[in-house]
Amino acid sequence: MNLNHPVTYIKGVSVARAELLYTELGIKTCNDLLHLFPFRYIDKTQFYTINQLQQNSSEVQIVGKITGVKEVKQKRGSRLVATFADATGSIDLVWFKGAKWIKDSLKIDTPYVIYGKLNWYNNTANMPHPEMETVKEYKNKLQMAMQPVYPSTEKLSNKGISNKMMRSMLQNLLQQVFGNIEETLPSSLLNEHQLLGKRDSLLNIHFPKNQELLAKAQYRLKFEELFFIQMQLLQKKLIRKSKIKGYIFEQVGEQFNQFYKNHLPFDLTNAQKRVLKEIRKDIGSGAHMNRLLQGDVGSGKTIVALLSMLIAIDNGYQATIMAPTEILATQHYNGIVELLEETDIKVELLTGSSKTKKRREIHAGLEDGTLHILIGTHAILEDKVKFKNLGISIIDEQHRFGVAQRSKMWQKNGLPPHVLVMTATPIPRTLAMSVYGDLDISVIDELPPGRKEIKTVHRYDSNRLGVFKFLKDEIAKGRQAYVVYPLIQESEAMDYKDLMDGYESIVRDFPAPEYQISIVHGKMKPADKDYEMNRFVKGETQIMVATTVIEVGVNVPNASVMVIESAERFGLSQLHQLRGRVGRGAEQSYCILLSSYKLSSDGKTRLQTMVETTDGFKIAEVDLKLRGPGNIMGTQQSGVLNLKIADVVKDTSILYAARQTAINVLQDDPALSKQENASLLKVFTQIQKTSGLWSNIS
Ligand code: ADP
Ligand code: MG
């Protein structure tokens with residue numbers, strides 16, 4: 001029998017059951033079922049007597065006999081209660097469903113082995129829905145030290161596909177296909193990492209002979225799973241680097257050197273220098289650059305972007321920066337125009353609100369090459385925007401732009417421009433490896449010198465008046481402040497009410513004309529939003545009351561206080577992003593996290609983490625541990641969420657080993673054409689057929 005056969009080939013699997021397995025668990029083939037791994041194991045080596053049962057014993061196995069059965073009528077249906085006794089006492093076995101059917105099958109005075117979880121009421125135990133078999137059945141069965149428990153669904157158990165049945169299906173399956181399970185890893189790898197063979201791993205993951213073999217089976221299967229993901233990512237990177245050609249920027253010329261010598265307003269940090277070197281290596285190599293630049297808020301990504309653009313210009317090419325909002329684009333534009341003031345480099349801004357006349361000018365400048373740098377929003381991606389020779393494209397705050405949009409930029413002319421994606425959302429290293437393992441990643445892990453650490457405190461709602469007093473003192477010193485309210489989609493109406501209530505109370509406590517207050521939220525028209533934002537940016541208002549729309553990017557160096565209302569409702573990365581809005585100027589900045597007294601344990605951890613550290617990578621690690629990878633950007637598309645056995649958060653060391661191994665294999669045999677790698681090639685061909693992973697390369 002072949003592993004690709006449908007599960008109906010397995011002894012005991014009817015068409016109806018196969019259908020259920022498919023709709024409930026997505027299992028179609030024998031191979032699918034073989035890779036449905038138990039999520040825990042039951043150790044049935046131990047027996048209890050009834051007088052040994054304790055409140056804290058979890059699942060227990062007892063030998064005894066049923067001495068009586070009664071049906072108890074309830075409002076709906078009936079409940080079946082059987083008295084189960086051994087020499088030391090008795091307990092009730094209870095069924096809430098299927099009473100009729102079960103009643104007929106119970107045999108009085110026949111020795112049974114029962115197994116299940118206990119419920120306790122007033123010091124007496126009962127066992128709902130026990131697993132049971134007669135002692136005779138029990139003795140006839142191949143006894144295992146440990147038994148697997150499979151993932152299930154309500155529908156599966158209602159329709160009678162119990163864990164016991166799953167076990168027997170897998171037992172039959174393994175018996176039928178064991179000889180046909182092929183090794184997928186080369187023997188050199190098995191030896192090097194002392195991995196259990198594939199067959200033994202699958203056998204022991206389902207029916208472990210002992211704890212040690214189970215651990216070995218788990219290790220091998222996790223390793224394999226992570227290894228193949230890394231192989232795919234690295235292969236993709238390899239193909240990209242060898243197949244997708246990029247412009248070669250051979251020289252670092254006049255513009256770069258002049259600027260670096262005469263106009264750079266500060267010394268670069270070591271991290272900035274290192275990243276710049278990495279970029280220079282890419283764009284001089286002849287391969288296409290697709291690099292992710294991670295750097296916390298304020299780490300100085302913009303200057304790295306600008307210097308990279310100058311290299312492109314030195315080589316006769318044009319450059320763009322794309323930002324997710326008009327305000328951000330405008331800020332980039334103003335900053336860069338200022339930096340380039342004394343050069344002859346031409347820079348323009350293109351956004352949705354650019355006037356027609358301006359647009360025409362820009363289009364013309366781009367096409368004849370007199371315009372060197374274009375900064376803008378999505379507007380840059382419009383078909384009308386054609387470059388003479390776009391050499392590099394910088395994308396700020398990547399999560400607002402999909403890959404599709406990125407590749408659209410590639411098609412503007414002959415070769416794709418080099419791409420540098422900048423993000424202020426730190427991604428923990430292990431996750432970056434599994435999600436962006438095909439990209440090149442640079443990290444600015446150092447803030448420019450002289451920054452004052454933002455002081456962060458946690459206060460309860462009842463301290464709000466004290467917080468307002470503090471705000472007044474800061475405003476009196478000429479500072480500005482943000483007050484941010486959560487906006488969570490599920491309770492949007494309530495949240496808007498909170499925001500408006502909060503706004504009104506602030507207006508009351510900070511009366512005009514002494515105080516001017518801006519408000520910005522998602523329900524406003526973009527033009528109104530921009531108007532309010534701009535008043536705050538220009539310093540016309542002292543307080544900005546907002547929902548999280550200010551999360552991305554605005555730069556108001558004079559704002560030195562961030563008050564976050566209901567801070568316990570925000571995620572860690574959001575809190576970190578919000579806090580990054582302050583601490584941009586020379587003044588001491590503050591972040592005040594307000595919460596109610598009622599905090600979940602995760603909520604407490606989040607607030608504590610914020611108070612303890614400002615290191616974005618540390619915060620991201622905590623976030624990953626709290627929330628799992630599912631909520632972290634980019635993971636949805638990456639497949640790490642569909643891992644069957646490995647866990648990118650917990651299996652860190654296996655992940656490193658798997659990645660290094662994949663690197664070694666591909667270095668030695670990039671096309672997997674060596675005889676010893678035949679099994680790898682086979683798995684790969686299979687993966688290519690079934691996943692769209694590589695489709696964007698051909
Ligand atoms: P981000 O990484 O958040 O985009 P920016 O590029 O906006 O950060 O830089 C934040 C601020 O730090 C800017 O005002 C910038 O001029 C300044 N800056 C960047 N690099 C340095 C440096 N090496 N030394 C001093 N100040 C720097
Ligand atoms: Mg920035």
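**Exercise 1. Determine how many aromatic pairs there are and classify the pairs Y460–Y597 and F510–Y515**.

Solution. Step 1: the rule. Rings of Phe, Tyr and Trp (its six-membered ring) pair if their centres lie within 6.5 Å; planes under 30 degrees apart are stacked, over 60 edge-to-face, and the rest tilted. The count under this rule is 13 aromatic pairs.

Step 1: Y460 and Y597. Their ring centres are 4.2 Å apart and the planes meet at 15 degrees, so this pair is stacked. It links distant parts of the chain, 137 residues apart: Y460 belongs to strand β17 (residues 455–460), and Y597 to the loop between β22 (590–595) and α21 (601–612). Helices (H or I, at least four residues) and strands (E, at least two) are DSSP runs, numbered from the N terminus.

Step 2: F510 and Y515. With centres 5.1 Å apart and planes at 85 degrees, the pair is edge-to-face.

The model is predicted: local features need pLDDT of at least 70, side-chain atom pairs count only at pLDDT 80 or more, and totals for chains, interfaces and linings use all residues. Residues are numbered from 1 along each chain as its sequence is written, chains are lettered from A and ligands numbered from 1 in the order in which they are written, and side-chain values use heavy atoms, with hydrogens and water left out.

**Exercise 2. Decide whether Y460, Y597, F510 and Y515 are buried, partly exposed or exposed**.

Solution. Step 1: the cut-offs. Buried means under 20% relative accessible area, exposed over 50%, and partly exposed in between (1.4 Å probe, protein chains only).

Step 1: the stacked pair. Y460 has a relative accessible area of 28% and is partly exposed, whereas Y597, at 60%, is exposed.

Step 2: the edge-to-face pair. F510 is buried at 1%, and Y515 is buried at 9%.
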